[in-house]
Amino acid sequence: MDHFIITVKLKPVWRYLRTTLTKGFAYLLLLNVFITQTATYAQGLIVSPRTLDSNAGLSVILLGTGIPIPQPDRASACTGVIAGEKVFLVDTGRNCVSPLRQAGITDLEGIFYTHYHSDHFIGLGEILLNFAVAGLDKSMPVIGPVGAQQVVDGIIATYSLDLKYRVAHHGKKFSEAMMKPAVTELSPGVVYEEDGLRVTMFNVCHQPIDPAVGYRFEYQGKSVVISGDTNICPEFAEGARDADLLVSEVSNVALWNQALALARATDNQRQVEMIQEGMEYHAESLSLAQMAEEIGVKKLALTHFFPSIPPTDQAEAMFTRGMSDHFEGPIIVGRDGMEVAP
Ligand SMILES: [Zn+2]
Ligand SMILES: [Zn+2]
């Protein structure tokens with residue numbers, strides 16, 4: 001009987017203890033997960049700057065490999081060029097700021113523009129704003145053919161209220177200078193020459209878009225050429241001749257022909273003409289491979305996929321089909337964040 005009483009009284013106590021201990025343990029577990037997660041998220045707030053090495057030579061980071069048609073895994077036109085400790089951008093397309101941050105690039109020597117289709121410049125404001133928030137106290141040098149001032153002025157004008165708010169709120173911690181880029185409009189020829197790096201601007205063929213240029217970077221005996229948007233033409237070939245690495249835009253005619261057939265089947269004349277006009281001023285993949293071989297390019301990296309494709313092996317194999325039959329060197333199919341050395 002006594003034994004029975006004790007058992008009856010102990011049961012609720014044990015149940016209470018068990019529930020409390022289980023809850024406590026679960027609470028501690030949740031707290032631990034929370035602390036670990038917040039630490040991870042907090043770490044993400046601080047960018048770890050990329051270590052740059054003055055002896056590292058010339059290399060490229062493909063930061064935006066897409067076009068105006070949105071593709072979630074590809075920012076639009078944006079290429080980083082690293083020469084020793086200096087980092088430059090060629091074009092600043094949509095959402096280029098994300099891969100730029102991912103790459104740990106916390107400062108730029110300057111920005112070069114190839115032309116003023118919006119997919120090549122629309123990300124400028126985001127990039128400058130993030131540098132300004134980070135307190136990078138300088139004006140960003142911007143170089144481009146005629147039109148650069150108009151484009152930059154237009155973008156900066158949209159930030160006038162934002163700039164006023166942030167300066168009033170953060171004072172000198174926010175870099176006002178960063179939101180006032182130093183623009184220089186230049187014609188084809190040598191546009192930058194410093195510390196052994198020479199950058200040459202050359203005309204390309206993106207008619208009816210004028211001006212449209214590409215850039216050749218030469219540093220420590222290596223050369224990298226960025227095509228900008230262009231069809232295959234003698235000017236493009238001359239600018240890219242003998243490049244150790246040609247980073248080129250590329251268009252796939254087979255894909256566009258299928259799209260054309262669909263547009264014709266649905267009697268969509270507007271779409272037919274839009275596709276044809278698009279195909280007129282981009283570099284057809286097989287002709288590009290052929291040209292690269294003829295002019296002695298050593299390595300070809302593809303970007304600005306027209307039409308845009310997801311970054312999958314299958315889609316990329318379909319896009320580049322046949323190119324290796326014409327070009328003997330390595331063909332790198334670009335993805336955002338990919339680094340390529342000449
Ligand atoms: Zn263009
Ligand atoms: Zn473009």
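1. Start with the core. The largest nonpolar core has 76 residues. Val-224 and Leu-246 have the most contacts inside it. Keep in mind that this is a predicted model.

2. What does Leu-246 touch, leaving aside residues up to four places away in sequence? Its contacts are Val-225, Ser-227, Ala-240, Ala-292, Val-297 and Leu-300.

3. Now look at Leu-89, which sits in strand E3, residues 86-90. Is Leu-89 buried or exposed? It has 27 other C-beta atoms within 10 Å, so it is buried; the cut-off for that is 20 or more. Beyond residues up to four places away in sequence, Leu-89 touches Cys-78, Thr-79, Gly-80, Leu-108 and Ile-111. Leu-63 is 26 residues from Leu-89 along the chain, and their C-alpha atoms are separated by 9.1 Å.

4. Next, a helix pair. Helix H7 covers residues 253-265 and helix H8 covers residues 269-280. They pack at an angle of about 165°, with axes 9 Å apart. H7 is therefore roughly antiparallel to H8. Their crossing is left-handed.

5. Which residues make this contact? H7 supplies Val-253, Trp-256, Ala-259, Leu-260, Ala-263 and Arg-264. H8 supplies Gln-271, Val-272, Ile-275 and Met-279. Of the residues in the contact of H7 with H8, eight are nonpolar, one is polar and one is charged. Look at the spacing, too: an α-helix has 3.6 residues a turn, so residues three or four places apart point the same way.

6. Finish with helix H5, residues 160-170. Of its 11 residues, the number buried is zero, so H5 lies largely in the open. Just after H5, Gly-171 takes a positive phi of about 60°.

Notes
Residues are numbered from 1 along each chain as its sequence is written. Chains are lettered from A and ligands numbered from 1 in the order in which they are written. This is a predicted model: local features need pLDDT of at least 70, side-chain atom pairs count only at pLDDT 80 or more; totals for chains, interfaces and linings use all residues. A residue is buried if 20 or more other C-beta atoms lie within 10 Å of its own, exposed if 12 or fewer, and partly exposed in between; C-beta atoms are placed from the backbone. Helices (H or I, at least four residues) and strands (E, at least two) are DSSP runs, numbered from the N terminus. A nonpolar core is a set of buried Ala, Val, Leu, Ile, Met, Phe, Trp, Tyr and Cys residues joined through C-beta atoms within 7 Å. Two residues are in contact if their C-beta atoms, placed from the backbone, lie within 7 Å. Axes are lines fitted to C-alpha atoms, for helices over the stretch in contact, and angles run from 0 to 180 degrees between N-to-C directions. Angles under 35 degrees count as roughly parallel, over 145 as roughly antiparallel, 65 to 115 as roughly perpendicular and the rest as oblique. A crossing is left-handed if the near helix is turned anticlockwise from the far one by less than a right angle, and right-handed if clockwise. Ala, Val, Leu, Ile, Met, Phe, Trp, Tyr, Cys and Pro count as nonpolar, Asp, Glu, Lys and Arg as charged, and the others, Gly among them, as polar.
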